[in-house]
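Let's walk through this structure together, asking at each step what lies behind the words used to describe it.

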Amino acid sequence: MRYVVKRLLQAIPIVLAIIILNFLLLQLAEGDAVDVLAGEAGSATPEYMAELRAKFGLDQPLPVQLAVYLKNVVFLDLGYSFRHEMPVSELIFDRLLATVLLMVATITLAVGFGVFLGLVAAMGLNTWRDTAISIFALITYATPLFWVGLMLIVVFSLNLGWFPTSGMENFAMFYEGWDRVKDIAHHLVLPTITLALFYLALYTRLMRASMLEQAGQDYVTTARAKGVTENRIMFVHVLRNALLPVVTMAGVQVGALIGGSVIVESVFAWPGLGMLAFEALFSRDLNLLLGIFFLSALLVVAVNLVVDIVYSSLDPRIEVD
Amino acid sequence: MTFWKLFARNRGAVIGLLILFLMTFLAITAGLFFPADPFSLAGVPMSPPGENGFLLGSDSLGRDVAAGIAHGAKTSLLIGLLATLVAVFVGIVMGALAGYYGGIIDNLLMRFTEMFQTIPSFIFAILLVAIMKPSIESIVIAIAVVSWPAVARLVRGEFLSLRNREFVQACHTLGMSDIRIMLGEILPNCLSPVIVIGSLMVATAILIESGLAFLGLGDPNIMSWGFQIGAGRTLLRSAWWVCTFPGIAILVTVLAINLVGEGINDALNPRLRERT
Amino acid sequence: MSRLLDISDLHVALPAESQRPYAVEGMNLHLDPNEILCVVGESGSGKSLTARAVMGLLPKPHVQISKGSVVFEGEDLAQASDERLREIRGSEISMIFQEPMTALNPVMTIGTQIDEVFRFHQRMSGKERRSRALKLLQDVQLPDPEQTLKAYPHELSGGQRQRAMIAMALALDPKILIADEPTTALDVTTQAQVLKLIKEMQAAHGTGVLFITHDFGVVADIADRVCVMQNGLVVETGTTEQVLGSPSHPYTQALIAAVPDLVPRPARPRSTEIVMRVKNLEKTYRSGGGLFGGKGRVVHAANDVSVDLARGETLGIVGESGSGKSTVARCIVRLNDAEAGQILLGDVDLRPLGRAAMRPHRSKIQMVFQDPFASLNPRTRIGKIIAQGPMMYGASAKEAKDRTLELLEIVGLDARAYERFPHEFSGGQRQRIGIARALALEPEILVADEPVSALDVSIQAQILTLLDEIRDRMNLSMIFITHDLRVAAQVCDRIAVMQRGKVIEVGPTSTMFANPTETYTRELLAAVPGKDWFSEKKIAAAKPG
């Protein structure tokens, strides 16, 4: 418990730095929400625009705006989206679930299958299985996400008709209860595979290399010298040690994964944070964009914490007190 | 001599290198074979591959897909290379300073890279490009900004372990200056992992560039594979070729670079190879 | 009587591109119950692969038995199936290794790792296995067996880990124990304890022990019989008395002659001129802690250290790992910054000097490092490694080159070395290059940090002789850091013994060896392997007729 608190405390300055960095970067962008609103309204007088700016607090000096924003963030008030005419936090929490769902499914699939495939490849070193898995990993590691998504749509949605092309659920059917869960799961399949393939390749390669490295360690010789069976050596001695770098990498990749979800959400019209961020960027909805960055940073911190706890349960050399 | 011999032992790497040469050739000669602007209307829209004089078909505006691929090769390779060079340079400088001096510089760098791991890097790249307005420069900068921390971490680790190596300490006892120790003694000994990560980074940079272009954040005046796929995604049902061929181009190029990177790795670290 | 283990005409083949076709060639060797047989040799002699061949643990398919037999109680292990070998390993024949840290699985408790031996060889209830494991840990004299069962390897000290390894190896009362350099990674006092333990356990169970080592001191202490190997060949086999007392093969003779003994060299008059005074030196290390980390651990690596160095003498600083001896050396050459005290070179206190102020004094104190592989930049030619020092201090390229060639000759290397890279040289040759580099600046003081501990014993003797010659020839004063009292006895005029950051005793080598005042010094002296045998030999040799 103390460890969790300590890790959370350590994350605060990083999250804070991210907020400030993004806040300042967005100030560099040309035009603010008022410009966009005014542009859409067609003819806005400078007086009216100034009035709007004053209303949104955009006429204040920069440090004041920043301080006000930070103060609000502490109270989880992420400001108001003038585009959507809704509080940012509401908008974000609406979309959060979709992204978390996609992330959890992707991480599970990528890590689970990556570990499995890496294990199979390492166990049958230089056999056809190893070769097939290595080629598969090599190719998926080189394929752009959005293209995989489009090709999956062509094959599995348009030609075979197995999966829906877009969206998270079929609203027209008004599913409830289990049926709704099944419907969402059905929609989830292609986006998850798309996003997971690249990371799957990464973990497969890492796991294979890690297994091979661990298999050459002294403790493996000791286990053999004790007369322990090869199965036990592989699945108990080597596997646990080989998992450590994979778990570390999974933690490091969480941020990148959320980034990748922008593309996947865009391809599959998945109503998550990535889509929202993309829309916010083009409508100059800066408050919303800042809020999304803040929340995704929190998400990464949370997932990393989980990864750390998993890691320390695998490696007794890390002390959690 | 031995480097090439070791490199050539990896058949995949040799194939990768050939493909890469081919792609480079395609990029250089794009203007020769497809002298027209790849954005211009070249004939009947929506022609399937092989018809109406289109080798790989045309899109809804009658643009030649093959011409786009040839010109896109230039964009992808150029941006991949430039972004990597910038990222590697910045990464080496920061990583070397942090690893060698430790202390505050190191602490700052580590916090900084931690921050970059916490920001979703692709969204950050989108943000940077959007703020700076899409152009080759802004794309290169954005990719470099999200890529350099990986190099910095690697170089820092190498410097950290090498600075305590006895041959470096011997230089201290001779009274050698820091800059000379860093550049003359330590750096040459950590170049091989940097070269390997650099070669793989070119591949990642190409993937990021195509992703940006796909989302409509490419340089509007320059043809790119990602842009082609993005423009063709609405035609998935009717004109599969518009999306498919540029995607294959990306896949093959990135694959080739990865293969070459692995070949370099094997050649520079021969003992890793012997294990398998 | 039937042999316990009978190795005949054993050939272990190496991969095609290796330096020689066989790691072990035509070996004939046998082991009887209740005896300790030491296989001795320098690095590359094939002694470790012999042990692996018996266990069926050769790194197949690259290295394998190509000819010959290893007969254990009537069964040829060279022909046995993998499954049969697995049954034998751990129950009939078991093994302990050099580095107990890496030889134990870092993520499993000691208890689980011992338990595996029972689980994979016998049917026993969990309760019985546990009580057997506890008994084993008691037998190897580990403190608090209950707690040790639950401990992970990193929570034990090096000596404790090796005891746990021994417990594991002896769990099923095997007929043969193979020990591959089991004490090489341990401190000398721990080594003595572990050797004693192995001997006791062997006697109690009547085990046949195949003990691999490079150290003739250990051989003298523990062996019943000895087998000497060189380049894959057995050159001599016999009882310990025979082999150590009257070696017949020239290689054995040379090896035994090279073993340093504990008899200090004859005292030399000490110069009255003191070239360096270290006064009340303090250095602490903090580990752990951090920005939010709370209190870290503070280690006092140098605690009120004071020593004097007279012109032309060699001062030994002796201690076990963690005693602070290397820290003191590094503070003197200003690789580390001491926090308090004085390092007086003549009248100048070097301790507080900044980098720029230190520079003119750098050339006067030079250092020779421990690891001949890490101490030379792998990408720099030997000529440049040696010449760049003088050139930084203003020598012309021509002068530096002449000086380098002269130094190469002094340290006994060919002038052709100038154009070559470090990887083309052996460990001993590299150490010579390191010495030449240190001498290039014509220092007054040479600080040598464990300069021979990574070298084979015959090479050790050569480097020690070289250092002695150089000191006389160049009128150097030397500070010699070592963990090995035998080495210290060979080269040091005076010795300072360090323990936990403090100098506990300083004095002339002969006086200290004859009459150590501190208990710890006495323990160190008592723990030196083979001291009785080799000291008697030397004393006997010193009294002619």
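Q: What makes helix α9 (residues 218–225) of chain A count as largely enclosed?
A: This is a predicted model, and a residue in it is called buried when 20 or more other C-beta atoms lie within 10 Å of its own. Six of the eight residues of α9(A) are buried, so the helix is largely enclosed by the rest of the structure. Those residues are A:Tyr219, A:Thr221, A:Thr222, A:Ala223, A:Arg224 and A:Ala225.

Q: Which elements pack against the buried residues of α9(A)?
A: From chain A there is α10, and from chain C there are α1 (47–55), β6 (93–96) and α3 (100–103). Just after the helix comes A:Gly227, with a positive phi of about 85°.

Q: How do you know how far to trust chain A, and where is confidence lowest and highest?
A: The predictor's confidence, pLDDT, runs from 0 to 100. Chain A has a mean of 84, with 95% of its residues at 70 or more. Within the chain, α2(A) has the lowest confidence, with a mean of 67, while α9(A) has the highest, at 91.

Q: How is chain A divided into domains?
A: Domain 1 covers 2–88 and domain 2 covers 98–314. Their centres, taken over C-alpha atoms, are separated by 33 Å. Domain 1 of chain A gives 22 residues to the contact and domain 2 of chain A gives 16. Here, two residues are in contact if their C-beta atoms lie within 7 Å.

Q: What makes up the side of domain 1 of chain A that touches domain 2 of chain A?
A: The elements giving two or more residues are α1 (2–28), α2 (33–41) and β1 (80–81) of chain A. Of these, α1(A) supplies the largest share, nine residues. By class, this side of domain 1 has 14 nonpolar, four polar and four charged residues.

Q: Why is chain B described by helices, and how many does it have?
A: Chain B has 12 helices and zero strands. Its C-alpha trace spans about 75 × 45 × 30 Å along the principal axes. Of its 276 residues, 52% count as buried. Among contacts in chain B between residues at least 6 apart in sequence, 70% join residues at least 24 apart.

Q: What makes helix α7 (residues 166–174) of chain B mostly covered?
A: Eight of its nine residues are buried, among them B:Phe167, B:Val168 and B:Cys171. The cover includes α6 (136–162) and α8 (178–186) of chain B, together with α13 (355–362), β16 (365–368), α14 (382–392) and α16 (427–439) of chain C. After α7(B) comes B:Gly175, with a positive phi near 85°.

Q: What makes β9 (residues 225–230) and β10 (residues 233–239) of chain C a pair?
A: The cut-off is again at least two bridges, and six bridges join these antiparallel strands. C:Val228 stands opposite C:Glu236 in β10(C). The two strands form a hairpin with two residues between them, and C:Asn231 in the turn has a positive phi of about 45°.

Notes. Residues numbered from 1 in each chain as written. Chains lettered and ligands numbered in written order. Predicted model: local features only at pLDDT ≥ 70, side-chain atom pairs only at ≥ 80, totals over all residues. Domains from an automatic or database assignment. Helix = DSSP H or I, 4+ residues; strand = E, 2+ residues; numbered from the N terminus. Nonpolar A, V, L, I, M, F, W, Y, C, P; charged D, E, K, R; others polar. Buried ≥ 20, exposed ≤ 12 C-beta atoms within 10 Å, placed from the backbone.
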